[in-house]
Amino acid sequence: MTPREVDPRELRARYPDVFDRPASARLAMPAMIVAAFALLIYGLVDLDFSPSRFFAGLSQLGWITLMMIPPDPGSSLPIYLKALGETLSIALLGTTLAAVFALPVSLLAARNIIPSQILRFPVRRFLDSIRGVDTLIWALVWINVVGLGPFAGVLAIAVSDFGAFGKLFSEAIEGADQKQVEGIRASGGSPLHEIRFGLLPQVLPVIAGQVLYFIESNTRSATIIGIVGAGGIGLQLAEQIRVLEWQKVSFLILMILVAVAAIDFISGKLRFAIIGRRAVA
Amino acid sequence: MLVVEGLTCRFGAKAAVDDASFQISPGGFVGVIGRSGAGKSTLLRSINRLVTPTEGRILFDRVDVTALRGRELRQWRARSAMIFQQFNLVGRLDVLTNVLMGRLATMPAWRSLSQVWPEQDKALAMSALEQFDIASLAAQRADQLSGGQQQRVAIARALVQQPDIILADEPIASLDPRNTKIVMDALLRINKHFGITVLCNLHSLDLARSYCDRLIGMAQGRVVFDGAPSALTDHVARELYDLEAADVMGGMPVPVPEGVPALGTAAAA
Amino acid sequence: MLVVEGLTCRFGAKAAVDDASFQISPGGFVGVIGRSGAGKSTLLRSINRLVTPTEGRILFDRVDVTALRGRELRQWRARSAMIFQQFNLVGRLDVLTNVLMGRLATMPAWRSLSQVWPEQDKALAMSALEQFDIASLAAQRADQLSGGQQQRVAIARALVQQPDIILADEPIASLDPRNTKIVMDALLRINKHFGITVLCNLHSLDLARSYCDRLIGMAQGRVVFDGAPSALTDHVARELYDLEAADVMGGMPVPVPEGVPALGTAAAA
Amino acid sequence: DDWKAKYPELTFAVVPAENASGVTERWAPFVSYLSKELGVKVTLRIANDYAAVIEGQRAGNIHIASYGSASFARARLTGVKTDAFANDINADGSTGYYSVFFVKASSPYKSVDQLKGKNLGLVDPNSTSGNNVPRFELDKMGIPDADGYFSKVVFTGSHENAMLALSQGTVDVAANQWTSDDDSTLAQMLTKGMLKNADGSAMKKDDFRIIHKSAPIINGPYAYNSDLPEDAKAAIAKAFFDAPAKDKAAFDRLSDGQKKGFHPATTKDWDGTIELIKFVDALRKKKAS
Amino acid sequence: MTTAVSILPEQQLAVLNAAYRRAVGRRRLRLLGGIAIVAAALVLAAIGAEVNLRTLFTYFGNFVSYFDRILTLDSGQRVWTDAGEWLWGWRKWLKMLGETLLISYVGTLIGATFAFLLNFFAAENTSPAPWLRFVVRRLLEFARTVPGIVFALIFVIAFGLGPMAGVLAIAIHSTGALGKLFSEIVENADMKPVEGIRSTGASWLSCMRFAVVPQVTAGYASYALLRFEINVREASVMGFVGAGGIGQELVVAIRKFYYSDVSAILLTIIVTVFIIDITTGWLRSHLFGKEART
Ligand SMILES: Nc1ncnc2c1ncn2[C@@H]1O[C@H](COP(=O)(O)OP(=O)(O)OP(=O)(O)O)[C@@H](O)[C@H]1O
Ligand SMILES: Nc1ncnc2c1ncn2[C@@H]1O[C@H](COP(=O)(O)OP(=O)(O)OP(=O)(O)O)[C@@H](O)[C@H]1O
Ligand SMILES: [Mg+2]
Ligand SMILES: [Mg+2]
């Protein structure tokens, strides 16, 4: 049991590739890391990062923060609350739509469901293209259909998140445990059954987390909802930043933070209800 | 009648099953024995068509199982129930639903997908659970069960398929003696009463000899023994397991070791 | 000297281990037996402190294990090696690295994190693998191994910890007779040669009687038997497993069943 | 009134002004005034991007829009059927604003021709007063190729950033918008104390100097859909012009009393701006080739 | 038909079924309640968002109108009939794309590194202490909620104008976004290997390194690359600090209605997204290794 019993030299002779792995295998990982960092350093230099400027500026960093204290909504609190509610409902609806449409498509993009590279390729490229088209463009496209207003925002969010969900869901599905799927297959289940009973229970917490994250993200970001003329909290925030009303800015950020924390809380509850409580490290 | 002809399954360069051929007549209770890594699991999995054989054919009642596709393949899988070494339950579904998975092939898709199970299927699943003493766990999630409990759920799932042949991959590995007996007796009962063929990987030679009509011994993917349990002589067993015969045949009750076995004996045996 | 005093582990309302008390003197080879779900795994896991006991104390060499924290807790875990029923290997790491995990507690963090393993640790791991016939699989990913191969990797990992006590949770559940013997002999050898205490969950009473100095029987979380294997009378075994005595004690070689056992006998027993 | 039957609801699109807060609150009373005057429901839509308003008018589902000069010119150029009918009158009675070049008062520069080889800070490629007009003005001064004339031309991203960059010395001259001494980005930043000397003390108006002022840029128009019936158009224009008299409170709310009223206008008034936009478009491919 | 299982007597079944139904019933009720709440919220949201299916279907034909225009040259021909005219600015655009890729790379890598370092503290199953988890989660929320523009403005004032301010803003936002997503992957990981390694006396750090990281790297890679992609497209922050890049160029083309430029720039971005996605696929299959044995 102890090393004394076995002569290391003899072991070494018997398993040369365990003890003396070829340089190519040993160095591949470090080489990749070094390359990644070299590119990072090159980027930092190219982008005019200078430590001196960085440290000189550090002292100034707190300045705007000080202007933000104390957060103060002025007299606009009811408007802000309403705007937050609007944004939340647009984000909720848009993201849900995106998820509902993305789920079936993501199955077609997952390797463990469609093994054929030839069939998957167009689906993945389709999703890529949708993501590649800027959300601003989707907003303009939908304005041509349904006019300016929150509905256009819902549709624009739905389309652009559809592209992201399609990719993320399919990758979650690829990471699922095949054993459970095999259990269903072996009892004569159809592919539909394998997905419904073998895959979905496994990927549901991942998908739930992603959907809630996108709802959160759409609540935070101003772009689409503001552009299509649906107002919302993002518009208010952009406006206060533009006119440099720092106390209102910080108040709005606090409000959004609370909403984000609430979504985070729900997300945690929901996912753990699906995952089930486990031993905690 | 199950006929396996020249079956070979390769993973990369390695042949997990190598040119295996045998026939099993209906109602047989056949044990598959052999060392770890001999290809027992792969053999069973390829009969259920979870692994596509690289070469060779499998026939059941004169139907070429290797050529089946789509709906017919699923029906074959439903007819050949598989019990997995690692259970392969859906951890996040409850125990009863896991057992009901065995009924999927018998009902229209809308029923199963909306989880509106027919009453008699539920009754069947519940009875199967009760038969293995775990009906009280029906509502628990499968991933919260102890090892033996999970194994019994997996066996119940296979039984409710009401299969023509059962492929059991070490069905009693994690079971205590009582449950070992319950499970093996259940397999024997459905084999003898209903004439369902059973093909069962076993590590315990004693169990294999007690329950099986016939044994198939595998080594490095090849079938090296095929015959009645009584024909499994010391010599054959020694070859199969690469062991001193006494250690294998005397069954597990190894004589209480007097001295301490040195490392060499076991490793170099 | 391992002392367990009034140990209780609850999951919600259910007490998986219920007021268990016993002592094991150094160098003991103790088997834990009992039905599935009796709490055997939970007992072992709480000694290794993977489960925090709800009540009670565990002492080892007069140190209160239940009170350990941080570095000292880790050292205790390193001293009490655990072999899991479901192996608990890291599927995506190769076999050798999985075994080297057993050496983590002995080396500085930078070494392990950069995977620059000391030569002698590698040699130790390789010889452990070789001892169980799987040195040739050292470079394979753990999740590509057969059940028995994985189990042996897990045992090798425990052995390279060079522990003071080994907690083995059904270490031979997925092993063939040859490997069963190799593993049990290895446990016995390190137990007798180096005086390492072994606490081992076993389902096979015959194995338990062959190898253990002493048996602890559990039922529904409680210790219901504690004594020499010879003291495990028919009566006690019957109680423990809720079975006809002959089925348990005669060992697994069940007399070849004449008639087919009716469902009732097993299920209602 | 048959147009009301055909258009039971009108949509009025507004893009928030760059330096005003609370667009919704500002416009809500005015829109309800319009609704009352016109006798149909008027929906206010506040879009954050002119491109959205232009697309909406093109598709016909925005009937009235408040444009910036350049974006109105852009809408016309890309074939949107929209007609201007009014624009804002500033507090001093004028109907325009300026693009100016700022330098620091402590610098020696007095005119643009002293700045050859120095750094110019523009706002962003889309800004009228921060990019289009400055380039147009430079062209008029005989500097057709700003990027060659100055050593570096940077887009600073916003009007505020341009002034910041100037105060920090990143650029030597910055283009910016300016209506009057009290109404400009600079004035606003000074009140907020956002511009500081190296020693941390707040900067004053006197620390900056204007070295060039463009021709006035006409205030952006209010425009309606060309396809609207003539009587509807007339009713809309009338409602606008009557606003300061009929509902002073709602009108004053628009600009905190900073504006005097609506000035009648026609699409022709933006011909100059359209020329400017054409000039800018011509620059696009020239720069690359 | 063969019957491998004999059905229990009616009475016994009824008892078992009742027990099952009781246990499942509560769960099902909660599920139904949840679904009802979500459905109600969606209906409310649909009303609030002025969903109007009639308009949608009546004018759905307009969907292609914008695409029709961006695929038309000034001359009125389709863009692909005259590639030279369509892609006239390709040199400029490729250079901008290159710059943007570099900025995005630096920002994403810094963000991903911090997210990687923080996420184990934010995940419920690996966090050493609940209070630490709480603090880190709030920190991550803060990092992604404060708009990039605000950070950019602060950094511009502190460090001066230039890409540095934008990259830092991107890095902070990426930390917040990736930190949360990473921690969710960790929460979904199989804890059995962690237990296996912990039982050997390994430290928390080793458990993360050897039991968690091998399981989650593929997921990390796909989120990080998605974030990289988003950062490439992200125009507002970088435009704000005067380092616009390709995203800004696209927005300008959209706003100035240079139709054919819009489609040409979109083409470069879409091709970039293709390449990133293909890389993701390759990286993931590399990290997952040969498909695990089932
Ligand atoms: N998917 C796979 N990829 C690569 N190798 C595999 C795969 N499946 C099985 N093998 C290899 O094929 C051989 C036979 O495996 P198999 O699981 O059939 O063995 P077994 O007889 O069931 O062993 P055990 O008794 O230990 O379960 C083993 O060496 C295994 O490593
Ligand atoms: N994390 C958990 N959550 C809830 N219940 C649990 C948990 N772990 C174990 N149990 C329950 O505690 C009881 C004892 O489980 P344990 O795994 O210790 O049994 P065992 O004696 O090892 O059984 P086997 O021989 O089948 O492995 C079982 O009823 C099990 O369902
Ligand atoms: Mg096997
Ligand atoms: Mg157990």
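Is Gln162(B) buried or exposed? Gln162(B) is buried, at 9% relative accessibility; buried means under 20% relative accessible area, exposed over 50%, and partly exposed in between, with a 1.4 Å probe and protein chains only. This is a predicted model, in which local features need pLDDT of at least 70, side-chain atom pairs count only at pLDDT 80 or more, and totals for chains, interfaces and linings use all residues. Side-chain values use heavy atoms, without hydrogens and water, residues are numbered from 1 along each chain as its sequence is written, and chains are lettered from A and ligands numbered from 1 in the order in which they are written.

**Ligand 2**

- Ligand 2 sits between chains B and C.
- The shell around ligand 2 holds 19 residues, where a residue is near if one of its heavy atoms lies within 4 Å.
- Ser146(B), Ser36(C), Gly37(C), Ser41(C) and Thr42(C) come nearest.
- By class, the shell has three nonpolar, twelve polar and four charged residues.
- In that scheme Ala, Val, Leu, Ile, Met, Phe, Trp, Tyr, Cys and Pro are nonpolar, Asp, Glu, Lys and Arg are charged, and the others, Gly among them, are polar.
- Ser36(C) places a polar side-chain atom 2.7 Å from an oxygen atom of ligand 2.
- A polar backbone atom of Gly37(C) is 2.8 Å from an oxygen atom of ligand 2.
- For Gly39(C), a backbone N or O atom lies 2.9 Å from a ligand 2 oxygen atom.
- A polar contact is a pair of N or O atoms within 3.5 Å; within protein, one must be able to donate a hydrogen and the other to accept it, and residues adjacent in sequence count only if both atoms are side-chain atoms.
- On its own, ligand 2 has 640 Å² of accessible area, and the protein covers 83% of it.
- Accessible areas come from the Shrake-Rupley method with a 1.4 Å probe; for residues, only the protein chains shown count as cover.
- Elements giving two or more residues to the shell are α6 (147-160) of chain B, plus β2 (14-24) and α1 (40-47) of chain C.
- Helices (H or I, at least four residues) and strands (E, at least two) are DSSP runs, numbered from the N terminus.

**Chain B around helix α6**

- Gly147(B) lies in helix α6 of chain B.
- Gly147(B) is buried, at 5% relative accessibility.
- Gly147(B) and Ala173(B) are 26 residues apart in sequence, with C-alpha atoms 9.5 Å apart.
- Gln162(B) belongs to the loop between α6 and β7 (165-169) of chain B.

**Positive phi**

- Most residues other than glycine have a negative phi.
- Gln162(B) is not a glycine, yet its phi is positive, about 45 degrees.
- Asp133(C) also has a positive phi, near 70 degrees.
- Asp133(C) lies in the loop between α5 (119-131) and α6 (147-160) of chain C.
- Asp133(C) is partly exposed, with a relative accessible area of 29%.

**Aromatic rings**

- Over all chains, the whole structure has 43 aromatic pairs.
- Rings of Phe, Tyr and Trp (its six-membered ring) pair if their centres lie within 6.5 Å; planes under 30 degrees apart count as stacked, over 60 as edge-to-face and the rest as tilted.
- Phe151(E) and Phe155(E) are stacked because their ring centres are 6.1 Å apart and their planes meet at 15 degrees.
- Both residues of this pair, Phe151(E) and Phe155(E), lie in helix α7 (residues 148-159) of chain E, four residues apart, about one turn of the helix.
- Phe151(E) is buried at 11% relative accessible area, and Phe155(E) is buried at 7%.
- One aromatic cluster in chain D includes Phe12(D), Trp27(D), Phe30(D) and Tyr33(D).

**Charges over rings**

- Arg125(A) lies over the face of Phe121(A), 4.7 Å from the ring centre.
- Lys213(D) lies over the face of Tyr98(D), at 4.7 Å from the ring centre.
- The test is NZ of Lys or CZ of Arg within 6 Å of the ring centre and within 35 degrees of the ring normal.

**Chain A helices**

- Gly166(A) lies in helix α9 (residues 150-174) of chain A.
- Gly166(A) is buried, with a relative accessible area of 0%.
- Ile266(A), in helix α14 (residues 246-275) of chain A, is partly exposed at 45%.
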